[in-house]
Amino acid sequence: MPKADDFDEFYATTSRRLVGQLFAMTGDLHEAEDAVQEAYVRAWQRWSRIQGYHDREAWIRTVAYRISVNAWSKARNRLTAHHRASRHAEQPEISPDLLTLVSALRKIPEPQRWVIVLHHLVGLSIEEIVAETGAPAGTVKARLARGRKALAPLVSDFDEPRSPRIHLAEQSRETIAHA
Amino acid sequence: MHDSLRTQLSDLAGYASGNARLDAPAALRRHGTRRGWRRRGGTALLGLGVVAAVGAVAGIAHPGVTGPDAAGAPASSASSAQLTAYQTTVLATAHVTKAQVAALAKSGFTTAQISALAAATARLTQQEKNALTTARIAAGYLARYLTPAERTALLREGLKATQIAALAKAHLSAAQLAALSRN
């Protein structure tokens, strides 16, 4: 497949998903759009190499994340986003529930937020997050635990598979209660 | 509201994906290609500048040897130790004054010391950098590499982390430092 066609197809199939993930991270749609698009521009400059990567989407996600957390880029992106926003039509209103989640996410530190997004939205395992972020497994687990603790008042559960030990303990408690 | 976190995050991402206004891939490719040209052009110009600077320094280090461009000109002329446009821009962007560089040069700071100082500064966390004082660098990281006179010079000039980084980026040659210390 020609280089440009391959890039275009990859962009068409992944860009919106990645904007969604970055939006969960940044809480700002224009900033997420700009970070993701900038990551694709950088990917195009190295496309001959990136084309052969097993997980190209992870490369874009990591670069977009770094762009969004880089302080200098942040200031520049904000300016670009401001210009873009003035050109754009109004964005549809976000529901109050989602707005509450966005503000709760923004209150937790960026590394914790990113791990929460990677685990609960992207669906990566701890090992995959370690591979993508380069952080040690213990650090990833600690960030996940702290992030969940901060978000606990907003969510009913964290979709984790229940540990057999906990399950057994609950069963025993129920048995005792019935007895 | 109390849905699972995965459901809530999916809703959030769905909102963003549905409302994202993205440029066409062709526009991004054009942007990337143009930027690549600019960068390659800049690197080529920078390379020419470095070659010119090396030639100038070589002229000073070996007065008997002159490059083809400098043929006929005195090898140790003051212009050969002048800052290049790139160095001037880097230093000016970080608001490093000529007086500050001259003061460091007079105190005997070498290019290697300035680079080491910048490397030590880079190791600081962002929070520390925000509250960076030259005293902190001098006392904490480089005390063992600096003489009391050099430490005094650093404190007196009150260089910021960004200025130290710019000085290292400009990579002033020994000849340039020597010329500045004479000024």
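Me: A residue is buried if 20 or more other C-beta atoms lie within 10 Å of its own, exposed if 12 or fewer, and partly exposed in between, with C-beta atoms placed from the backbone. How does B:His171 count?

Reply: B:His171 counts as partly exposed, because 15 C-beta neighbours sit inside 10 Å. You'll find B:His171 in the loop between α9 (161-170) and α10 (174-182) of chain B. Before we go on, this is a predicted model, where local features need pLDDT of at least 70, side-chain atom pairs count only at pLDDT 80 or more, and totals for chains, interfaces and linings use all residues. Residues are numbered from 1 along each chain as its sequence is written, while chains are lettered from A and ligands numbered from 1 in the order in which they are written.

Me: What about phi of B:His171?

Reply: Most residues other than glycine have a negative phi. B:His171 is not a glycine, yet its phi is positive, about 45°. B:His95 also has a positive phi, near 60°, and is a residue other than glycine.

Me: Where does B:His95 lie, and is B:His95 buried or exposed?

Reply: Look in the loop between α3 (85-93) and α4 (98-106) of chain B. B:His95 is exposed, because 11 other C-beta atoms lie within 10 Å.

Me: How do I read the packing of two helices?

Reply: Two packed helices are described by the angle between their axes and the distance between the axes. Take helix α1 (residues 3-26) and helix α7 (residues 110-122), both of chain A: their axes come within 9 Å and cross at roughly 140°. That makes α1(A) oblique to α7(A) (under 35 degrees is roughly parallel, over 145 roughly antiparallel, 65 to 115 roughly perpendicular, the rest oblique). Helices here are DSSP runs of H or I, at least four residues.

Me: Which residues make the contact of α1(A) and α7(A)?

Reply: From α1(A) come A:Gln21, A:Ala24 and A:Met25, and α7(A) brings A:Arg113, A:Trp114, A:Val117, A:Leu121 and A:Val122. Contact means C-beta atoms, placed from the backbone, within 7 Å.

Me: How many residues does the contact take from chain A and from chain B?

Reply: Chain A supplies 40 residues and chain B 28 residues. On the side of chain A that touches chain B, the elements giving two or more residues are α1, α2 (29-45), α6 (96-107) and α7. The largest share of that side, 13 residues, comes from α1(A).

Me: At what angle do α6(A) and α1(B) pack?

Reply: α6(A) packs against helix α1 (residues 5-19) of chain B at about 100°, with the axes 10 Å apart, so these two are roughly perpendicular. A:Leu98, A:Leu101 and A:Val102 in α6(A) meet B:Gln8, B:Asp11, B:Leu12 and B:Tyr15 in α1(B).

Me: What mean pLDDT does chain A have?

Reply: pLDDT is the predictor's confidence in each residue, from 0 to 100. For chain A the mean is 80, and 73% of its residues reach 70 or more. Among the elements of chain A, α7(A) has the highest mean pLDDT (93) and helix α10 (residues 164-178) the lowest (45). Over residues 161-179 of chain A, pLDDT stays under 50, and the model has 1 contact there beyond four places in sequence.

Me: And what is the mean pLDDT of chain B?

Reply: Chain B has a mean of 69, with 61% of its residues at 70 or more. Residues 51-79 of chain B are below 50, though this stretch has 25 contacts beyond near neighbours in sequence. Among the elements of chain B, α1(B) has the highest mean (89) and helix α7 (residues 134-141) the lowest (61). For the complex, the predictor gives an ipTM of 0.75 and a pTM of 0.53.

Terms used
Axes fitted to C-alpha atoms, helices over the stretch in contact; angles between N-to-C directions. Contact = placed C-beta atoms within 7 Å.
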